[in-house]
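Thanks for coming. Please have a look at the sequence and the structure first, and then I will go through a few parts of it.

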Amino acid sequence: MGVSKTENFTKEQNELATLAKALGHPARIAIIEYLLKVDTCICGDIVNELPLAQPTVSQHLKELKNAGLIQGSFEGTSICYCISEKGIEKIKGFFQDITNHLEKKKNQCC
């Protein structure tokens with residue numbers, strides 16, 4: 001596979017691509033949905049909700065955290081996770097721009 005040449009794209013484009021990639025797995029979507037439902041949780045709670053092994057869930061949590069979609073803090077020996085509003089706002093802004101553009105172009109296509 002060739003080099004992605006990410007340096008040829010803007011910082012914002014690279015950030016959005018990272019966010020989109022993090023959302024590109026159904027387990028990560030399920031984790032986000034669960035965090036929205038409970039507002040905060042401990043990693044063990046997430047493992048009980050998903051049909052995946054604990055190490056697999058931990059890897060998905062790591063991907064979501066690295067992308068900036070969730071944040072975590074240590075509470076004793078556990079990590080408590082929640083949604084990162086900053087990461088979600090970036091995605092929201094991107095889709096809002098698309099929606100605004102489409103609203104202006106209603107029923108106009110190439």
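Isoleucine 98 lies in helix α5, residues 85-104. Helices here are DSSP runs of H or I with at least four residues, strands are runs of E with at least two, and both are numbered from the N terminus. This is a predicted model, where local features need pLDDT of at least 70, side-chain atom pairs count only at pLDDT 80 or more, and totals for chains, interfaces and linings use all residues. Residues are numbered from 1 along each chain as its sequence is written, and side-chain values use heavy atoms, leaving out hydrogens and water.

Three strands form an open sheet in the order β1-β3-β2, with antiparallel pairing. β1 (41-42) and β2 (70-75) are at the edges with a single partner strand each, so one side of each has no neighbour in the sheet. Two strands pair if DSSP finds at least two bridges between them; β2 and β3 have six, in the antiparallel sense. Glutamine 71 has cysteine 82, in β3, as its bridge partner.

Last, isoleucine 70. Leaving out residues up to four places away in sequence, Isoleucine 70 touches Ile32, Leu35, Leu61, Leu64, Lys65, Tyr81, Cys82, Ile83 and Ser84, where contact means heavy atoms within 4.5 Å.
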